[in-house]
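Please read the following note beside the sequence and the structure. The points are numbered, and each may be checked in turn.

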Amino acid sequence: MTDALTLHARPRQSGAVGLVRPYAETLAMVAASTLVGMLIAPRWGNSAVDLLYLPAVLAAAGFYGLAPGVLAATASALAFNYYFTEPFRTFHVNSPEDIATIIFLFLVALVTSQLAARMRASMRAAEASASRNATIAGLARRLLSTSGAEQIGQVATRELGRLFDCNAVLMAGAPEPQMVAARPSQIQLTPSDLASAAWAMEAGKPVGRGVEAAATTEWVFYPVRSDSAVIAVIGLARDDGTRPVPAGQLDLLDNLVDQVALALERSRLDGEAREFAAVRERDRTRSALLSTIGQDIGPHLSAIASAVAALMRGGEGDKGLLSTLGSEAAKLQRYLSNLLDLGPESDDRPLELGEISIDLFRRIVRRGSEEVHLTPKEYAVLAELAKHPGRVLSHAHLLRTAWGPAHENQADYLRVAIRALRQKLEADPSRPALIINEPAVGYRLAV
């Protein structure tokens, strides 16, 4: 099976041979048609000879394009005139019927060559589009199995370098980009190369040899964008110093760079999610530990304070020592209370948004002092938004959460639920201030 990251290109003939060969073969096909016509004309006459030239015209236009097809049409008309119309072996035509035949032959051959050339161009365009889509899908599939910027960089530089037959580097970081991966791995960049990479990240456009923003470097650095920010740059260079990516393949390169950007952004979001989960788990552990400390130590301190107070009321023991014990016990109680106050807020505390209160643990939504009745789907959508207040959640995410993975494309379901929530919760549903729409992205809960 052909690799999806292999460009399918017809090999080019070098020099003048590549330019002359299509026309020479076109004339050869016309000559072959003439030879066949000379063989059959003595037996069946000249009336059927003109049809023998159409296969040559079709073959020339189909294999080589419009210009060879026009040449085949012209050569066919001249050959038919020279060999098969009276007076023979001349280009003079005595019979009006022969003149009409020659003109008709030329027009039919010309139209046929144009149709064949258009079919050939359409076929080439379809092949190029299929190859391009396969190339993009191949890189996306390889990046999907990676995790971390280093693995993404290794896959991206290896595949881009192989695809365009050049050296490749991936750099990230600001204000001075650092090399993440390279092909080959022993590449060393000069100070001017590093400056060009930094310039590409700052300007957000290609920098280097053969592009608009030229620089004193053999490399061309292309920015890798995520939304409106540049998160990395990809550098390409050839050993012979020529431009690494031909002008006709720049669109393909842009799509491949977008796939790298998606992979890097996915890796960043995964890292943030893992970090958030770790922080959340640490906060839960801390909260549980503080709660345990309060439950274990608090009663003992209270007992000590009560015992000291009882002794002082009874007049027993050294009053100075009892006073010191009572003071220290009170200090410890204050310290313990302050320590418990430093713990994270309880997760079961309702989310307050103006007059709207959302209690996820008790599954209660209030507007002012009145409880709002929500359908199960409406509550599922609101609860998911409340779990991530201020964060935009995509349509697919909300649909998947409330209705399941099979309904990720049923945007109408979500619109109906959001409209109902606004009618029940918003002060002015026509001007929502609680559930905000982010066009073409999703919804967020305003905080």
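1. The model is predicted, and this note begins with one residue of it. Asp 193 has a relative accessible area of 5%, so it counts as buried, the cut-off being under 20%. This residue lies in helix H6.

2. Which residues does Asp 193 touch, leaving aside those up to four places away in sequence? They are Thr 217, Glu 218, Trp 219 and Phe 221. Of these, Phe 221 belongs to strand S4, where it stands opposite Val 207.

3. Strand S4 itself deserves attention. Six of its seven residues are buried, and therefore the strand is largely enclosed by the rest of the structure. On one hand, S4 pairs with S3 in the antiparallel sense over two bridges. On the other, seven bridges join S4 to S5, and these two strands also run antiparallel. Within the latter pairing, Val 224 is found opposite Ala 232 of S5.

4. In what order do the five strands form the sheet? The order is S2-S1-S5-S4-S3, the sheet is open, and the pairing is antiparallel. Its edge strands are S2, residues 178-183, and S3, residues 207-208; each of them pairs on one side only.

5. Strand S1 comprises residues 167-172 and is joined to S2 by five bridges, the two strands running antiparallel. Val 169 has Ala 182 in S2 as its bridge partner.

6. Two helices pack on the sheet. Helix H5, residues 149-164, touches S1, S2 and strand S5 (229-237), and its direction makes about 40° with that of S2. Helix H6, residues 191-203, touches S1, S3, strand S4 (220-226) and S5; the direction of H6 makes about 140° with that of S5.

7. Helix H2 may be examined separately. This helix covers residues 53-64, twelve residues in number, and reaches 16 Å from its first C-alpha to its last, which is close to the 16 Å expected at 1.5 Å a residue. Which residues of H2 are buried? They are Tyr 53, Ala 56, Val 57, Ala 59, Ala 60 and Ala 61. After H2 comes Gly 65, with a positive phi near 110°.

How values were computed:
Residues numbered from 1 in each chain as written. Predicted model: local features only at pLDDT ≥ 70, side-chain atom pairs only at ≥ 80, totals over all residues. Heavy atoms only, no water. Pairing = 2+ DSSP bridges. Helix = DSSP H or I, 4+ residues; strand = E, 2+ residues; numbered from the N terminus. Contact = heavy atoms within 4.5 Å. Axes fitted to C-alpha atoms, helices over the stretch in contact; angles between N-to-C directions. Expected span 1.5 Å × (residues − 1). Buried < 20%, exposed > 50% of the residue type's maximum accessible area, 1.4 Å probe, protein only.
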